[in-house]
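This report starts at a single residue and then widens to the whole chain.

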Amino acid sequence: MLWEQHCCLPLLPTARVADLARYPLGSYLSVNVGYSGETKADSLALLRLFREQAAADPRFRLVDRVSDIGAPEVISLAFDLEDSAPLDGDLDNVALFYELGVRSLLPTYNHANAAGCGCLDTVDTGLTAYGKDLVRKLNEVGMFVDGSHCSRRTGLDLATHTAAPMIYSHSNFAALWAHPRNITADQARACAATGGVIGINGVGIFLGENAPEARAERLAAMADHIRYGVDLVGIDHIGIGSDYSFDGDQFNAEIHENPAAFSADYTAWGPLQWTPPEDLLGETPGIPSLDDLLTDRGFTPTERAALFSGNFTRVATQVWR
Ligand SMILES: [Zn+2]
């Protein structure tokens with residue numbers, strides 16, 4: 001089973017939930033429904049659209065609780081927010097989004113907002129008072145506190161202030177590839193100390209393998225980040241959040257249309273490349289599966305099951321209501 005802690009449909013009325021069936025039956029997917037550019041109304045409209053499509057398609061099940069996940073005949077779906085902007089400044093909206101299936105929220109997408117600093121900010125003052133209130137509300141409602149896209153200090157502050165395990169839904173390691181979106185060893189240790197999990201992503205610019213043809217190299221780099229992470233914080237604290245974008249052309253266009261949310265750190269290597277589910281799961285001729293690459297790096301079947309799904313299942317059992 002695969003627990004995919006973050007993937008992205010286009011945030012547009014043309015998005016097709018059916019595309020998520022490129023992941024195998026039995027998977028769990030957390031699907032993005034908004035980031036710094038979305039309002040509450042925008043994210044509610046996307047949730048309505050995605051939930052209606054999923055409810056009408058027997059291949060999908062909308063998740064309410066952890067025990068809904070893992071049935072072999074369906075793909076289980078919940079949602080995540082990449083920024084606190086869609087809360088419209090009202091923390092009572094955390095519970096509203098939870099009711100609609102949002103199970104993870106990261107306070108700050110790349111640049112400072114009311115909650116804290118982002119990973120592309122040059123001045124890093126960490127979590128704000130509002131951000132601390134947000135963490136308390138996420139704990140109370142039972143939604144993951146997610147440090148991805150946040151600044152180093154904001155990530156460390158999340159670990160200090162959360163009363164439940166925190167996650168990095170889709171973050172790689174700066175020790176292997178120096179990029180501001182990647183996290184430091186102290187961030188990783190602080191996350192693990194809460195009991196949390198770090199999902200490794202398959203985005204080329206965060207792995208140092210962004211050439212369009214370097215698909216096998218991207219996957220091997222993911223395996224290297226997993227190996228490094230396990231050596232750093234232990235087998236219980238690493239998972240997968242590939243960040244696969246189902247419309248990469250649309251997202252690459254958005255980066256250029258919305259320069260305030262991004263920077264040269266996103267554009268210096270050409271259009272972003274991702275790791276599709278087919279590459280991840282060994283369905284692409286000529287590319288070994290991630291499972292094979294992890295076997296090569298010394299992981300046992302039990303350890304690979306923890307990495308592919310067991311660790312995120314554990315923290316969801318601890319955090320969700
Ligand atoms: Zn992201």
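Asn 110 is buried, with a relative accessible area of 0%. Buried means under 20% relative accessible area, exposed over 50%, and partly exposed in between, with a 1.4 Å probe and protein chains only. Phi of Asn 110 is near 70°, a positive value in a residue other than glycine. Asn 110 sits in the loop between β5 (102-106) and α3 (129-141). Helices (H or I, at least four residues) and strands (E, at least two) are DSSP runs, numbered from the N terminus.

Asp 243 also has phi near 70°, again positive in a residue other than glycine. Its loop runs between β9 (238-240) and β10 (244-245). Asp 243 is buried, with a relative accessible area of 10%.

## Basis of the model

This is a predicted model: local features need pLDDT of at least 70, side-chain atom pairs count only at pLDDT 80 or more, and totals for chains, interfaces and linings use all residues. Residues are numbered from 1 along each chain as its sequence is written, and side-chain values use heavy atoms, with hydrogens and water left out.

## Overall fold

The protein chain has twelve helices and ten strands. Its radius of gyration is 18 Å, close to the 20 Å that the globule rule gives for 321 residues, so the chain is as compact as a globular protein of that length. The radius is taken over C-alpha atoms, and the rule is 2.2 Å times the number of residues to the power 0.38. Along the principal axes, the C-alpha atoms fill a box of roughly 50 × 45 × 40 Å.

Of the 321 residues, 59% are buried. Contact means heavy atoms within 4.5 Å. Among contacts between residues at least 6 apart in sequence, 72% join residues at least 24 apart.

## Nonpolar core

A nonpolar core is a set of buried Ala, Val, Leu, Ile, Met, Phe, Trp, Tyr and Cys residues joined through side-chain atoms within 4.5 Å. The largest one has 101 residues. Leu 20, Leu 290 and Trp 320 have the most contacts inside it. Helix α7 (residues 215-233) gives the largest share of this core, seven residues.

What does Leu 20 touch, not counting residues up to four places away in sequence? Its partners include Cys 7, Leu 9, Val 31, Phe 60 and Phe 246.
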